[in-house]
Amino acid sequence: MSSDFETYEQDFSTLTAEITNKIGKVPKLGGEEKKQMVLNVEKQLEEARELLEQMDLEVREIPVQSRGMYNSRLKSYKQELDKLEKDFKRSRIAYSDEVRNELLGDDGNSSESQLIKLREERAHLLDNTERLERSSRRLEAGYQIAVETEQVGQEILENLHLDREKIQRSRDRLRETDANLGKSSRILTGMLRRETNLQELCKILARSSSLQLAFNNKHNLACLCSYNIKSV
């Protein structure tokens, strides 16, 4: 993506250099020649604006952590284009000495009223230009706010996506822990059951042993008595 941005940068630099050169020529021209030059510059300014739009789209595709540097460069190009447009507006209503003499005549016969009228028209055009520039600045400020809001929204969505992945991983680990605890509980229950059975078996064996010992003692006593009787 950055390579495309740099390509647009080179095209923009070449184009603005040509525009700057032509703007300097506009006040020196008159009639049809000036009209053609103005149309040519307007077309190139439109191309420059399109290049800035392309660069803006490329910047939006660049990762957030690397976007700041490209935003700064794009901002400087926008300021450069704004200055060119202002210079172009001034050049359209400016006249070189030669063109002014051609319009008014330099033989001393030009009327003062023509000069006053020309100055009034120029002042009127400048006033309109200033109003257009103020409107353009407001539009640019609104556009910048919209872009920044979009960037903030995109960053928030990315952060929410990361948080969602963390929560999902935590849930998976919790489920795995629950499964392990269930397995451990079953093992402990089995061990306790076996221990209880073993205790019961030991009690039964102990009772059996006691009964067997009592029986043996009784049998031995009977034998002893029988022997004593016979001896008598």
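Colleague: How many helices and strands are there in the chain?
Modeller: The chain has five helices and zero strands. This is a predicted model.

Colleague: What pattern does the chain follow along the sequence?
Modeller: Reading along the sequence gives α-α-α-α-α.

Colleague: What share of the residues is buried?
Modeller: Buried residues are 19% of the 232 in the chain.

Colleague: And how much accessible surface does the chain have?
Modeller: About 17500 Å², with 55% of that belonging to carbon and sulfur atoms.

Colleague: What about contacts between residues at least 6 apart in sequence: what share joins residues at least 24 apart?
Modeller: For those contacts in the chain, the share is 76%.

Colleague: Salt bridges next. How many does a search of the whole structure find?
Modeller: The search finds seven salt bridges. One of them joins the side chains of R73 and E9, at 2.6 Å from N to O. That pair links distant parts of the chain, with R73 in helix α3 (residues 64-93) and E9 in helix α1 (residues 2-25), 64 residues apart.

Colleague: Is E9 buried or exposed?
Modeller: E9 counts as buried because its relative accessibility is 11%, and the cut-off for buried is under 20%.

Colleague: Which residues does D87 form salt bridges with?
Modeller: D87 meets K83 in a salt bridge of 3.1 Å, N to O. D87 also forms a salt bridge with R90, where the closest N and O atoms are 3.3 Å apart.

Colleague: Where do K83 and D87 sit relative to each other?
Modeller: They are four residues apart in helix α3, so about one helical turn separates K83 from D87. D87 and R90 are three residues apart in helix α3, also about one turn of the helix.

Colleague: Why does K83 count as exposed?
Modeller: Because K83 has 51% relative accessibility, and exposed means over 50%. D87 is partly exposed, with a relative accessible area of 24%. R90 counts as partly exposed at 43% relative accessibility.

Colleague: Which residues are linked in a network of salt bridges?
Modeller: E46, R49 and E85 are linked in such a network.

Colleague: Which helix gives the largest share of the negative patch?
Modeller: Helix α2 (residues 31-61) gives the largest share, with three residues. E47 is found in helix α2, and E47 is partly exposed, with a relative accessible area of 33%.

Colleague: What makes the nonpolar surface patch?
Modeller: V152, I156, L157 and L160 make that patch, which covers about 380 Å².

Colleague: Where is V152 found?
Modeller: V152 is in helix α5, which covers residues 112-231. At 46% relative accessibility, V152 counts as partly exposed.

Colleague: One more, on E121. What separates the C-alpha atoms of E121 and I93?
Modeller: The C-alpha atoms of E121 and I93 are separated by 9.0 Å, and the two residues are 28 apart along the chain. E121 is found in helix α5. E121 counts as partly exposed, with 41% relative accessibility.

Notes:
Residues numbered from 1 in each chain as written. Predicted model: local features only at pLDDT ≥ 70, side-chain atom pairs only at ≥ 80, totals over all residues. Heavy atoms only, no water. Patch = residues over 30% accessible without salt bridge, like charges linked within 9 Å, V, L, I, M, F, W, Y side chains within 5 Å. Areas by Shrake-Rupley, 256 points an atom, 1.4 Å probe, with all protein chains shown as cover. Salt bridge = Lys/Arg side-chain N within 4 Å of Asp/Glu carboxyl O. Helix = DSSP H or I, 4+ residues; strand = E, 2+ residues; numbered from the N terminus. Buried < 20%, exposed > 50% of the residue type's maximum accessible area, 1.4 Å probe, protein only. Contact = heavy atoms within 4.5 Å.
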